[in-house]
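Hi,

Here is the structure I promised to pass on to you. Have a look at it first, and then read my notes below.

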Amino acid sequence: MRTLLLLCCICTAQILYAQQDYFIKFPDDLIQVNCTAPIFDYGQPLVSNSNGGAVSISYTDQMITVVPDGCFIVMRDWYVFSNPYDPQQGCINVPNPSPSAVANHPSNLPGPIVAPAGTAAPWAPTVVKVTPSDPAPTDYSIFWSASANCYRYTQRIKIIDTENPVFVNCPASPVTIDDATPNDPELWNESYWADPFSGNPDRSEAPAGLQLTVTDFCCGDNVSAKYELFLDLNGDGFWETVIRSDFPPAAGTVNYNNINNPNYNGGTPRDFDERPVSPGEKYRFGLYSAADSLFQRHFYVGWHTDQAPTVWMPAQLPPGTHRIKWVVSDICGNESVCDYSFTVLPSSVLVHALLGKVVIDADDNCQADSNETGLKGWLARLERLDSIGIPSAEQYRTANTYGGYQFFVDTGDYHLTLQPPNAYWNSCPPDADFDIHSVGDSTNTDFALQPQVLCPFLETDIGTWGLRRCFDNTYTVSYCNTGTAPADSAYLRVTIDPFLEFVSAGIPGIDEGNHTWRFDLGAIPIGECGSFPLVLHLSCDGTVIGQSHCVEAHIYPDSFCLLPGWMGATVEVEGGCAADSVRFLIRNTGTGPSSVLDYIVIEDNIINFQGMFQLPAGDSLLIAVPANGSTWRMEAEQEPGSPGEPIPSATVEACGQNGSGGFSINYLPQFGEADGNPYVSIDCQQSRGSFDPNDKLASPQGYGPEHLIRPDQPLEYHIRFQNTGTDTAFRVMVLDTLAPWLDPATVVPGTSSHPYRFELSGNSILNFTFDNILLPDSNVNEAASHGFVKFRVRQRPFTPFGTVIRNQAAIYFDFNEPVYTAEVFHTVGIRYLPTAVAEKPGAVPVIRVLPNPVSRSGILQFENLQVTGGCFTLFDAQGRMRLQRSFTGINVALNAAELSPGLYYFQIFEGMEMTGVGKVVLY
């Protein structure tokens with residue numbers, strides 16, 4: 001269990017288990033002079049051995065930055081909870097002794113021992129003055145109680161930091177930047193920018209990629225930076241123009257020839273942005289910053305605009321040899337400097353067009369004929385290849401209504417592929433390679449799509465703008481057939497929360513009882529999509545603001561036709577509220593027996609217990625927990641290779657009452673919804689009062705203040721908007737630039753309040769355009785002034801632990817300035833949930849790995865394990881050793897191409913001690 005009163009740069013948490021009827025030695029205070037490694041461990045309470053039940057130990061951190069003789073102090077409050085623990089009772093406060101008035105005196109550092117009077121050494125209770133002015137020492141046996149509910153003690157960790165921030169990637173020698181982008185005639189195109197050799201006023205430009213990553217183990221990512229950019233814009237080999245990040249020039253300009261002025265002030269303003277846009281849309285120089293991990297921060301020289309101050313692109317610089325000086329500081333006043341020169345090479349001023357169309361190959365001749373139907377919405381990905389054929393950059397285009405796509409490129413090598421919506425399609429050709437030698441021309445490549453199997457592939461999505469108690473709420477239910485055959489007699493089954501009441505729907509529905517409605521859709525042709533509104537009333541009775549309410553849509557037929565490498569088992573989890581308990585049912589709904597799989601049960605946000613299961617086809621396992629008003633959640637492991645939900649789960653909220661006569665809320669949104677199957681969509685939202693009409697939600701929210709999620713956790717974003725102007729909005733456009741660690745190829749546009757056009761362009765720009773939306777202003781029709789759109793996206797493979805994924809959207813109403821949503825963020829982590837129980841004595845922890853299954857030539861990441869000198873041993877199903885690798889850290893490279901695909905088991909040793917076991921599927 002962990003609670004953060006104030007999130008500081010060095011907070012972590014541990015859980016320790018001991019035995020009851022115990023004595024305690026609290027940790028010593030510390031004075032940390034330098035932080036040369038991540039400083040998680042400052043000691044922890046020690047508990048004596050005796051008999052009884054388990055106790056748990058946790059802590060909270062608070063950072064104090066006003067320290068006369070240091071940088072900051074971490075006040076770490078330790079809590080030792082007895083078993084059973086009553087949260088309604090208080091804790092015994094054990095004071096931290098400081099017997100000397102001299103700062104940093106050694107006698108102030110030892111932590112006290114709390115034990116009964118007369119206890120023999122080494123557990124004799126501490127006898128010491130709590131403060132120098134005390135008339136007599138305090139015998140800490142007075143704080144010991146055999147019936148203690150819990151103890152609380154504050155440990156002090158003083159940080160006296162004298163270490164400078166460390167650069168991860170400061171170049172040791174000059175850098176060359178080869179421009180691989182087409183020329184933009186609206187940038188750096190004026191007579192005063194004329195190339196000194198050719199006289200051409202239209203200078204080419206390159207994304208300079210001036211970036212820096214900084215590590216600080218004392219202050220984490222809490223570092224700041226500034227830069228001075230020295231430019232040679234007249235091509236004479238000397239720097240004459242300086243751009244300061246802390247005092248940048250006006251939008252669209254640089255202050256030419258200011259290098260000899262005090263503080264580089266003054267100079268002649270010269271335009272570099274010649275685009276015909278308003279002043280607020282002109283590019284300006286700035287400094288972009290983002291946390292890379294808990295101890296790192298990333299900076300780069302970028303452009304943004306006054307209208308879109310949080311939308312960044314790399315600064316485009318003209319050819320020449322330039323210089324940048326970075327100055328980075330931490331909160332303790334330590335400073336580091338990185339100073340290097342770089343050369344931007346010139347490039348061509350023209351482009352080459354790569355274009356074509358995506359069609360259904362009706363006559364099976366592997367050619368795109370003129371009379372064949374184009375498929376809109378398919379995603380084309382173009383990768384630029386480096387000199388050895390490795391992708392170095394990527395761009396995307398969404399096929400238009402007629403299946404057309406188009407890229408503009410410079411000379412070079414490229415690789416073009418289609419990103420199918422599922423595995424049912426083959427493409428002729430499967431991909432295409434281009435060696436572009438000339439510009440000003442075009443190359444046409446069409447893709448003819450053939451079915452790998454004739455089978456419908458139905459997808460559904462459901463959502464609403466927001467939930468209001470005591471009001472009608474309008475959901476949108478959408479569906480598509482992205483398969484290779486029509487879906488006959490399709491229908492949707494919608495199950496609604498017990499506190500929601502059906503009001504109406506856009507198509508006829510049948511009440512099947514048990515809060516379930518059926519909607520017949522008839523035949524759904526290939527590539528066809530549709531939607532209908534569903535109005536539900538949220539009751540006032542028995543509900544509270546912040547309570548979560550879920551609606552599930554399930555479209556049929558829901559069978560899979562392509563299941564390579566799957567043994568037949570599929571795990572599903574159901575949850576429900578009974579009179580005296582919350583009941584979870586783990587089912588194997590597949591056709592074969594399951595492997596030995598794991599499950600966990602979470603109470604609010606603490607893992608209450610965990611176990612393993614193995615089920616024959618059609619069998620189930622019932623797990624019951626108390627109906628005590630807690631939010632209970634079960635997560636199970638899915639059978640490797642199964643096409644089912646990757647993490648089967650179920651959550652039950654508001655079942656029974658807690659000791660206060662209520663129930664817990666706000667936990668369900670932290671974990672996400674079990675709708676990884678394309679044919680199932682679950683929308684869980686909390687009822688709300690007043691809030692920002694233009695915002696962005698993310699599911700899952702993530703655990704704790706860092707919004708922690710798993711490395712493989714898909715994300716669903718929900719962008720909401722409202723016309724609060726004074727007239728009807730005829731067009732609304734939502735722009736969303738994905739974070740770098742989100743994979744554009746996995747974007748799935750979702751349901752919305754109104755029809756929209758979707759386009760993915762560049763390497764990560766999502767554009768949802770609502771044409772002719774006719775959205776009334778809120779003064780005229782408040783209920784109809786709202787809109788929303790959803791989309792899903794996955795993380796890129798092997799996203800590093802500690803990565804912060806940030807996302808924000810810009811909403812344009814007609815031609816007005818954009819409205820920016822608040823930024824949502826997630827931090828990638830594993831095993832972030834605290835646990836309420838101890839491991840069994842002598843048990844070896846079961847270590848999970850990511851990804852699983854994994855390629856035989858892939859890299860495994862270990863969950864909740866990091867070793868300094870480990871040995872990884874792999875065994876086959878017969879127990880024979882097949883592979884052994886030494887490793888350090890959290891990753892191990894397999895390099896096991898000689899092994900057969902299948903299920904394997906592994907052991908991990910550190911020295912002579914086994915630190916974990918687990919299983920992994922190789923393919």
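**Strands, sheets and cores**

S13 and strand S25 (residues 335-345) run parallel to each other and are joined by 4 bridges. Within that pairing, isoleucine 177 has valine 344 of S25 as its bridge partner. Please keep in mind that this is a predicted model.

The two strands belong to an open sheet of 5 strands, ordered S13-S25-S24-S16-S17, and the pairing in it is mixed. At its edges are strand S13 (175-178) and strand S17 (241-244), each of which pairs on one side only. From one strand to the next, the twist averages 25 degrees.

Some strands of this sheet turn up again in the packing. The largest nonpolar core counts 34 residues, and Leu229 and Phe285 have the most contacts inside it. At least two residues of this core come from each of strand S15 (211-215), strand S16 (223-231), strand S18 (253-256), strand S21 (296-304), strand S24 (320-330) and S25. The biggest contribution is that of S16, with 5 residues.

What does leucine 229 touch, once its neighbours within four places in sequence are left aside? Leucine 229 is in contact with Leu210, Thr241, Val242, Ile243, Phe285, Val301, Leu317, Arg323, Ile324 and Phe342. Another core, of 31 residues, lies apart from the one described above; Leu379, Ile719, Ala739 and Leu742 are among its members.

Now to another sheet. Here 4 strands make an open sheet with antiparallel pairing, in the order S35-S36-S41-S38. Strand S35 (458-464) and strand S38 (500-505) each have a single partner strand, so one side of each is left without a neighbour in the sheet. Ignoring direction, neighbouring strands of this sheet are turned by 30 degrees against each other on average. S35 is joined to strand S36 (residues 472-481) by 7 bridges, and the two run antiparallel. One of the pairs there is leucine 458 with its bridge partner in S36, asparagine 481.

Best wishes

Key. Residues numbered from 1 in each chain as written. Predicted model: local features only at pLDDT ≥ 70, side-chain atom pairs only at ≥ 80, totals over all residues. Heavy atoms only, no water. Pairing = 2+ DSSP bridges. Axes fitted to C-alpha atoms, helices over the stretch in contact; angles between N-to-C directions. Core = buried A, V, L, I, M, F, W, Y, C linked by side-chain atoms within 4.5 Å. Buried < 20%, exposed > 50% of the residue type's maximum accessible area, 1.4 Å probe, protein only. Contact = heavy atoms within 4.5 Å.
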